[in-house]
Amino acid sequence: MQTDKVSLKKRAESAIEKKAAFGEDFELEKYEEGSRVSKPVEDLQSLDEESKRTLLQVGIIPSEEGRSGSLFVLDNSVSHSSLNDENVELMSTHKAMEKYEWLKDYSWKLVQVDADKYTAKTYLEDADGYFIRVPAGKKSAMPVQTCLMLGSKKSTQTLHNIVIVEEGASLDIITGCTSKKGVEEGLHLGISEMYVKKGATLNFTMIHNWAEQIGVRPRTVVHVEEGGTYVSNYISLKPVRSVQTYPTVNLEGEGAVTRLNTIAIAHAGSELDLGSKAVFNAPGTRAELISRTITIGGRIVARGEMVGNAKGAKGHLECKGLVLTDKGSQLAIPILEANVDDIELTHEAAVGKIAKDQVEYLMARGLTEEEAVGMIIRGFLDVGIRGIPEELKNEIENTIAQTAFGT
Amino acid sequence: MLKIEDLTVEVAGKILLHDVNLEVEKGYTNVLFGPNGAGKSALMRTIMGFSEYRVVKGRILFNGEDITYLPVDERARRGLGIMMQRPPDMTGIKLGDLIKVTSKGKKEPEALAENLDMKRFLDRDVNVGFSGGEIKRSELLQLAAQNPSLYLLDEPESGVDLVSIEQVGMTIKGLLEEGIECPGERCKKGKSALIITHTGQVLDFVQADRGYILCNGTVMCSGNPMKMLEEIKNNGYQECISCKLIK
């Protein structure tokens with residue numbers, strides 16, 4: 001084990017200047033390390049009104065009503081963790097590593113420490129984060145909510161999250177990533193390793209709500225075993241400087257299934273490089289990667305990738321992008337790779353403006369042009385958010401309304 | 001109610017309609033006949049105001065107001081409603097939601113849909129994967145919610161199976177005669193309509209008042225719609241064209 005650590009450290013150190021394959025390169029030394037200490041928050045309701053509003057905007061309920069548990073990370077410190085569901089384990093990753101000797105077999109096994117400078121830095125800082133586990137056969141009664149907040153200017157938040165859904169178990173997670181009001185510049189690096197075991201289900205919803213000068217580099221790998229299901233909803237509707245992410249789902253057991261939905265709006269000055277990847281390593285595995293993006297002045301790169309390595313695999317990739325102004329740009333990059341026969345991978349990609357005939361069709365029913373455009377945009381994004389928690393829909397609807405009418 | 005004067009229309013720089021004159025009086029149901037490609041749908045879409053159709057001459061009057069250059073939604077608000085032959089797929093927009101918005105909450109989508117046997121379509125995306133007959137019923141449902149005073153119906157019977165034709169025909173009759181107690185009141189209180197038909201099947205259900213024949217982008221003739229239909233069935237449009245030429 002000691003040698004393991006030594007070699008990981010070596011690998012990380014050698015990668016500390018390694019640029020990521022995609023996205024703007026951030027100079028890590030320009031940012032301060034986020035604080036590792038913070039005042040414990042006993043009750044999320046005791047936060048100031050401004051912070052509570054910020055939480056609500058990313059789907060985090062301060063009263064914790066309708067939630068199985070909550071964990072709040074401010075900069076690099078876990079300042080709140082509470083649980084009211086005996087079927088779920090929730091604690092900081094550091095605590096979990098202390099508590100469970102076996103957890104080392106799950107830590108840094110899916111995400112490589114030397115993938116790029118961001119994974120390297122997160123490893124070398126021994127970042128904390130959330131650990132969530134549901135024991136075999138158990139189900140979380142309600143979603144577990146985790147909030148990752150960047151609280152200090154020009155600092156780096158590094159996180160390492162581990163999620164384990166044991167055999168036949170089921171878990172819903174809502175993660176809200178955001179920055180405190182007034183924190184316009186910073187860097188968020190988040191490593192997530194998720195394990196969905198035989199026959200288990202994980203529904204993961206992540207809402208990003210950053211500020212104009214924040215760089216975001218999540219690194220997520222999911223391992224799904226036989227008959228397991230992993231569903232992810234990723235939502236980013238507000239301005240941000242740069243998000244580059246490429247979550248990968250490895251379907252390792254027969255009949256494993258995944259569906260990854262992405263909806264995003266790129267504002268002027270934002271660059272969103274949003275990928276998703278499914279690797280079919282077992283027979284009869286299935287995947288659906290759906291992306292719905294809109295630019296109102298920013299740049300969007302929608303990458304979708306499916307790699308078929310086992311017979312009977314079936315996957316569909318859908319990247320659709322709307323361009324609402326002359327200044328924005330959309331780039332859709334679908335990649336399909338079949339390495340065996342008896343495999344069915346398909347894709348559908350389309351970028352462009354809203355079809356005039358659709359707008360006028362609705363106008364012929366008496367809707368104004370703005371109402372018609374708003375309805376079409378809502379419908380366009382709706383495909384990507386089917387199945388997300390009800391209360392989040394309001395927030396999303398509001399943002400969409402502003403997008404259609406305000407800018 | 002609707003008056004079209006010397007209307008000339010182009011699409012992508014090409015003249016599709018020229019010097020069209022046509023009228024639909026209050027409470028009248030007038031019919032537009034004509035061979036494929038004559039410009040019937042283009043005329044209807046021009047009346048509704050779709051931007052692809054550019055008026056280069058003439059004007060469209062609705063209740064005395066010149067609406068030639070009004071945007072589509074303004075025309076809808078003044079009482080024009082269209083049933084399109086090939087409406088676009090509206091992915092992500094549920095029929096039930098569109099009905100709700102269209103009727104401005106005055107009518108419940110379920111009740112409206114009941115009559116047209118469309119309840120199970122309320123949760124479906126508008127027009128996506130609909131059959132020919134389903135599109136017609138969906139369009140009629142939207143029109144029922146919209147409640148216009150002038151109905152523009154583009155081939156309401158095309159693509160509809162024989163059993164459903166009665167349903168479509170009776171629905172149109174019901175919409176046009178809403179609130180009328182005796183047939184004599186139709187031209188005073190009833191709704192107006194302009195209907196495009198090839199087969200004339202819809203005329204088994206609604207009483208037509210005047211027919212127009214549109215050929216080569218202009219109105220050739222007008223008169224008794226049932227006699228015109230009979231003539232067209234027997235001799236095609238050739239007679240009409242040569243008759244116009246003689247005139």
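In which sense do strand E1 and strand E2 of chain B pair, and over how many bridges? In this predicted model, strand E1 (residues 2-11) and strand E2 (residues 14-24) of chain B pair in the antiparallel sense, over 7 bridges. Leu2(B) has Val24(B) as its bridge partner in E2(B). The hairpin formed by E1(B) and E2(B) has 2 residues between the strands, and Ala12(B) takes a positive phi near 50° there.

Chain B also has an open sheet of 6 strands, with mixed pairing and the order E6-E9-E10-E3-E11-E12. Strand E6 (80-83) and strand E12 (218-223) of chain B each have a single partner strand, so they stand at the edges, with one side of each left without a neighbour in the sheet. On average, neighbouring strands of this sheet are turned by 20° against each other, direction ignored.

Within the sheet, strand E3 (residues 29-33) and strand E10 (residues 192-196) of chain B pair in the parallel sense over 4 bridges. Asn30(B) has Leu194(B) as its bridge partner in E10(B). Helix H8 (residues 225-235) of chain B packs on the sheet and touches E3, E11 and E12 of chain B. The direction of H8(B) makes about 40° with that of E11(B). Helix H1 (residues 40-48) of chain B lies across E3, E6, E9, E10 and E11 of chain B, running at about 150° to E9(B).

Turning to the interface, 20 residues of chain B are in contact with 18 residues of chain A. On the side of chain B that touches chain A, the elements giving two or more residues are helix H2 (72-78), strand E7 (90-94), helix H3 (95-102) and helix H5 (132-146) of chain B. By class, this side has 12 nonpolar, 6 polar and 2 charged residues.

Methods:
Residues are numbered from 1 along each chain as its sequence is written. Chains are lettered from A and ligands numbered from 1 in the order in which they are written. This is a predicted model: local features need pLDDT of at least 70, side-chain atom pairs count only at pLDDT 80 or more; totals for chains, interfaces and linings use all residues. Two residues are in contact if their C-beta atoms, placed from the backbone, lie within 7 Å. Ala, Val, Leu, Ile, Met, Phe, Trp, Tyr, Cys and Pro count as nonpolar, Asp, Glu, Lys and Arg as charged, and the others, Gly among them, as polar. Two strands pair if DSSP finds at least two bridges between them. Axes are lines fitted to C-alpha atoms, for helices over the stretch in contact, and angles run from 0 to 180 degrees between N-to-C directions.
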